[in-house]
Amino acid sequence: MEYWASGFGRYVSAEDCQEIITQEIKALHDSYTMINANLSGRRARGRIFIFKAVILLCAASTPTRWRTDSFGLDGRRSSGCLRGFRSPLVSLMCTTVSSVVACARERWPFSRGHDCLNIMGKFTDIREECCEANRALGSSGLVDLTFGNVSVLDVDAAVFAIKPSGVDYAALTPGKMVLVDLEGRVVEAGMRPSSDTPTHRRLLQAFSGIRSVVHTHSRYAVTFAQACREIPLMGTTHADYFRGPVPVTRALTSGEIGGDYELATGSVIVESFAEIDPHSVPAVLVRHHGPFTWGETGTKAVETAAALEIIAQMSWQTLCLEPMARHAPEELRDKHFFRKHGSGAYYGQLRHS
């Protein structure tokens, strides 16, 4: 059974409907928290208590299957005439709370325009792109257990979505993606973001033109990272994706490890690219840790992570066979890189706008 969600312009499953409802109720509770923190006085507190009570009653009484235009769920995509019903408590909440929330928004505007009542719809695109990329990563063979994550940035809003920490890839949904701004603030309460979030944030801040970062512990790339060796460019497969060796960062200092470790990890990556174009070599190995890749989209960043693992395996096998193997000539490197990248690229099909 599917529902038409006018707020999202698409059909959604019954499970997604319930998740949307849950997110909206949580957002209303966040509004209560914000208003409560800014109002004072017994009378004002009493009104807010009533506001919270209505929200909690709504949450407790809302059935799994229901239809309400207030949340943009306008009908079922099915044959037959099952119309569902509209929760009277939801109707009451929507009519009585709207004026209170409107006044609160006017008096205490949300920072950076992050409206907690509209946040689910506002960032739907990056939530979905991030979820799709993380699920693709989970089925790619690049990760073991939950050792990997993808982030996707909304450039205009300076907010990115990222995988929640420790959650299995098969269990991911767009609503579970965590929203974080480029100052490091979680935009809405919910699941905890990946522990690597500060590293993603640092790269999204530093490398203009990228929208997505991928981190894995893919085995061959990690082998080079643990050996503290860059991945040398020894053939055309490598040059198709990277116009040079994939660098390995310097070691973190004791102070960096003991301080803001994940942010320092991002900083040493940025430091490694002081004289390297991050668009020409969209990958790095963090010493003793593992690879990070990036790109303009979640799909492209995951593809680059897969390419990195392929060329890491090829390089390892080449060095096993011939430890003194040399780098490929620059002319051959550039021929292969620029036939796929830049204004003169001719690999693949033309893109029609």
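In the predicted model, an open sheet is built from six strands, which follow one another in the order β6-β5-β4-β7-β9-β8 and pair in the antiparallel sense. The edges of this sheet are taken by β6 (178-181) and β8 (283-286), each of which has a single partner strand, so that one side of each is left without a neighbour in the sheet. On average, and with direction ignored, neighbouring strands of the sheet are turned by 20 degrees against each other.

Helix α6 (residues 197-206) lies across β4 (148-154), β5 (159-162), β6, β7 (212-216) and β9, and runs at about 140 degrees to β7. Within helix α6 is found T199, which has a relative accessibility of 1% and therefore counts as buried, the cut-off for this class being under 20%.

Turning to helix α12 (residues 330-338), the residues R333, H336 and F337 are buried. These residues cover an arc of only 100 degrees around the axis, which puts them on the same side of α12. In an α-helix there are 3.6 residues a turn, so residues three or four places apart point the same way. The buried residues of α12 pack against α8 (236-239).

Note on methods:
Residues numbered from 1 in each chain as written. Predicted model: local features only at pLDDT ≥ 70, side-chain atom pairs only at ≥ 80, totals over all residues. Heavy atoms only, no water. Pairing = 2+ DSSP bridges. Helix = DSSP H or I, 4+ residues; strand = E, 2+ residues; numbered from the N terminus. Axes fitted to C-alpha atoms, helices over the stretch in contact; angles between N-to-C directions. Contact = heavy atoms within 4.5 Å. Buried < 20%, exposed > 50% of the residue type's maximum accessible area, 1.4 Å probe, protein only. Arc of directions from axis to C-beta.
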